[in-house]
Every structure is written in C-alpha cells, then in structure tokens.
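Visitor: I'm new to this one. Can you walk me through it?
Guide: Happy to. Here it is.

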Amino acid sequence: MNNSHSDALVFFGATGDLAYKKIFPALQAMVKRGHLNVPVVGVAKAGWNLEQLKARAHDSLEKHGGVDQAAFEKLSSLLRYVDGDYQDAETFKALGRELKTAQRPAHYLAIPPTMFEAVLEQLTHCGCTTDARIIVEKPFGHDLESARHLNQVLLRKFDESSIFRIDHYLGKRPVHNMVVFRFTNAFMEAFWNRNYIESVQITMAEDFGVQGRGGFYDQTGTIRDVVQNHLFQVLCNLAMEAPVRMDSESIRDEKVKVLKAIAALEEKNIVRGQFRGYLDEKGVAPNSKVETFAALRLDVNSWRWHGVPFYIRAGKYLPVTCTEIVCRLRKPPTVIPADELQSNYLRFRISPDVGIAMGMMVMAPGEKLVGESAEMIASQQPNAEEMDAYERVLGDAMAGDATLFAREDYVEEAWRIVDPVLKKGTPVYPYEPKCWGPNEVERVTPPGGWHDPIVRQEPSSATKAA
Ligand code: BG6
C-alpha cells in the first residue's frame, strides 16, 4: 500500500443519521478548504436517486453549520449515489462502475458493525478492495470477542496500515493538544507523576438524553458508547510516555502501553446509572438495564502512575454539557491546616469551550494570612474556521495518516479492561434527569470529590475551585 491520497470516497450509510449530522458538514468543510476534489459515492438502501441524496445533503447542511453555496455546488458535482442492498452483488457491481477509474478508494462504513462482514465480502468480490483503505465507525465491536472477530475479518482483506478505526474524539483539537501541551512544556514533566499527582478525573457530561437514538443506545450504553473509546483515548493522552518518534506507530505504541498497564475493571470500582424516563424512550426495552451513566476508577500500574487513581464519569441528562479533566496534586506540608488548604490542580476543558487552567493557593483579600484557591486560565471559544473532528479524521484517513485512529491492539486492550464488568451486568441505579448521577456514585468518588464543571457563556469561563 502506498501513501498517496485516496482518489474516491465511498460512504455506506449515506442516508443515515451519522451522514446527516456529521458527514455532509465535514465533506462541505473539506471542499471549502480545498481538501476534497475526488468523487464521493454515497451507498444506501433507500430507493433514492442522486437528486434525493443531494437534497438530503442540503438539508443536513442547513441544520448543521449552514450551506456555503459555492462549496455545496462543488460537493454536489462530486457526489454520486448507488442504491441497493448490502447483500446484493448488483449493488457492488454498480459501485464498481462508479469507481472504474479510482486506484485507491477509501470505503467508509458508516453502518452498524453487524453489517461490516457482508459489505467487505461484496467489496472483495467486485474487486473494490485492491489498494483501498477502509474506514470504520465506532463502536468497534460489542465486546472483546466481537472486536477480535471484526479485526480478523478486516485484516483478512486489508493491511493494518489501510484500516482506519474512527474515534472522532481524537479528531478534536483540544484532545490532541493535551499531548502537545504535555510534551512541549518542560515544566509539566517535573510534576506529572505519582510523586505529585494525587488523582485524575475525567468528566464527559451531556445535558440531553438519547435524542431519538434509543434503539442504538439500548444496544450500547455509556461504557460502550463513550467510555471504552473516547474517554480511554483521553486517559491515554494524559498518561502516556513521550513517543520516541512522531510517526503514528510510535504515538500509538505509547497509548497501547498505557492500556496494558491497566488491570480489568473490578465490580467494586464502577457505578452504573439510568436516568428516570429512559425506559419511555422509543426503541428502549421496557425493562432495560442499560446504563446512561457510569462512574469508574482505573489504576494505571506503570512506573509513572502507580498508586494514582484515574476516575471517569460520563452520562446523559446530567446538569451540563461539558468534557473536562481535573488532575489534582498532593497537598504540600505547610503549617496551614490541611482542611483549609485546597489542592493545586490542572484543569483541561475540552468542550464546549477550550481551556487549560492551573488552580493554586493565593492569599485571600484582607490582611489575615489566609489562603484561597485561584485559577490561572488560558481559554478560548472554538474558532468557527477550525476543523471539526469529522473533517479532520476523514481527511487524515484519505491521506493515509493513521495517528488519530485506534489500532487493532489498542481496541482489543480497551475491551479487555471493560469486558468482565459488562458481562457481569452490575446493578443499574436510577437518577433524576439533570443530576450528577445516582447517589451510589459516592462509592466511586475521587479523594476530594468530583469536580462538577460549570459552563458559562463568556470566553473566560472559570469554574468553581476543584
Ligand atoms: C458519540 C456518541 O460517539 O459521541 C454520542 O455516540 C455522544 O452518544 C457523542 O453524544 C459526543 O460527541 P461530541 O463530539 O458531540 O461531543
């Protein structure tokens, strides 16, 4: 496989929800930036024609980011459409005709993983896999066994360097910036270890429910939907060692090492919750035990992190929509009583705004020698011109850069960690919408407590002291 750019993009699931919400906006943005100038072939079984697909793309753009007339016209001129069943060889013959001049197509499977195998078989039969790249959506499998099976299926047809397992969180600039921030600032290394860091907590909160995706969500749950993938990637960016080279393999090697250092999650270290009202969602089983909230503790048993607990909390219908990380430092041995002293901390805000803050003690206003916690904040609102995560990952996959994609061993290690508790089916506790999960979460709480992010509109949004 050579490294040249893909000369066609095929996306299966062209009439689906993901295409509507994320892919069309990403494609328009790529065109606008001059990064997409090859045929884009949508495939779906909807009984549609090309004009209907273009109308769908237009509608999608109106709802998600706006139509840029010039870019949309260009995108329309690149769009092709193949309608048909994914099991039917005729569908793939039609696809083959659309791809007749393409040397290195990229096939993007924006479809449920249960359909991957059938599509791959058909792609092979129609000769569309030669020198091709394959892009697959998360969740990659349902558990360790199915992920291994999927990997085998993919690796029978494609070399690992041609497989791009999307985790769009990796395409988010502030997530990538965590690595840059850590390894380009000398002062970080001095305290970024078990001697100074007491605990790490990652919160991914969403103030909405399952948004009509009950059918999908009830097969998935929070751990499979965002913890095993998005939030493990965030954890790896915080915990990894500096890569020995800047190529994608060296970076991914370091991430895999972090996961290898984490023992399988134990039952006592997880609390699952379900918001009241979830069972009334369309597509949800009436007695569903699927979690819409999870809090868990992991230990990274490496030289750097031994003894430092890493906590993850994620859920739907929480009080705010925000992803944030707080790394608390140990308290210094001052003469000030420990309970009057707040820990120093480093806070990374990933979304909705972007920021890095250092929390430290300063003298409180007044003449008394009393300390209070204050933050030094560097923050910004996301720039409208900035690449969206999907634009970035699709562009990288077509260019053959695998850095922002999960490798085979990474995916399997990630499943290994959560697999036992998923299989056991630990209790699911109810919680009221707009609360920070069920009361039982106290059992899995970082020393000093969970830091609840505060989301404000102003660019210089601060949060309450962690
Ligand atoms: C997706 C999950 O992968 O990520 C959703 O399936 C979740 O449930 C979404 O809402 C969050 O991503 P973002 O980029 O909107 O923060």
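Guide: One term to begin with: a residue is near a molecule if one of its heavy atoms lies within 4 Å of it. Also, this is a predicted model.
Visitor: Which residues surround the ligand?
Guide: Lys138, His168, Lys172, Met204, Glu206, Arg213, Asp225, His230 and Lys316.
Visitor: How do those residues divide into nonpolar, polar and charged?
Guide: Six are charged, two are polar and one is nonpolar.
Visitor: How far is a polar side-chain atom of lysine 138 from an oxygen atom of the ligand?
Guide: It lies 2.7 Å away. For histidine 168, a polar side-chain atom is 2.7 Å from a ligand oxygen. Lysine 172 has a side-chain N or O atom 2.7 Å from an oxygen of the ligand.
Visitor: And how much of the ligand does the protein bury?
Guide: The protein buries 78% of the 390 Å² that the ligand exposes when taken alone.
Visitor: New topic, the sheet. What is the order of its seven strands?
Guide: The order is S3-S2-S1-S4-S5-S6-S15. The sheet is open, and its pairing is mixed.
Visitor: Which strands stand at the edges?
Guide: Strand S3 (79-83) and strand S15 (405-406). Each has a single partner strand, so one side of each has no neighbour in the sheet.
Visitor: How many bridges join S1 to S2?
Guide: Four. S1 covers residues 8-12, S2 covers residues 40-44, and the two run parallel. Phenylalanine 12 has valine 43 in S2 as its bridge partner.
Visitor: What happens at the start of H12?
Guide: A side-chain oxygen of aspartate 388 comes within 2.9 Å of the backbone nitrogen of tyrosine 390.
Visitor: And what follows H12?
Guide: Glycine 400, with a positive phi near 85°.
Visitor: Last one, glutamine 201. Where does it lie?
Guide: Glutamine 201 lies in strand S7, residues 197-205.
Visitor: Is glutamine 201 buried or exposed?
Guide: Buried, because its relative accessible area is 2% and buried means under 20%.
Visitor: What does its side chain reach at 2.9 Å?
Guide: The side chain of glutamine 201 reaches the backbone nitrogen of histidine 451. A polar atom of that side chain also lies 3.1 Å from the backbone oxygen of glycine 449. Beyond its neighbours within four places in sequence, glutamine 201 has contacts including Tyr311, Arg328 and Trp450.

Note on methods:
Residues are numbered from 1 along each chain as its sequence is written. This is a predicted model: local features need pLDDT of at least 70, side-chain atom pairs count only at pLDDT 80 or more; totals for chains, interfaces and linings use all residues. Side-chain values use heavy atoms; hydrogens and water are left out. A polar contact is a pair of N or O atoms within 3.5 Å; within protein, one must be able to donate a hydrogen and the other to accept it, and residues adjacent in sequence count only if both atoms are side-chain atoms. Accessible areas come from the Shrake-Rupley method with a 1.4 Å probe; for residues, only the protein chains shown count as cover. Ala, Val, Leu, Ile, Met, Phe, Trp, Tyr, Cys and Pro count as nonpolar, Asp, Glu, Lys and Arg as charged, and the others, Gly among them, as polar. Two strands pair if DSSP finds at least two bridges between them. Buried means under 20% relative accessible area, exposed over 50%, partly exposed in between (1.4 Å probe, protein chains only). Contact means heavy atoms within 4.5 Å.
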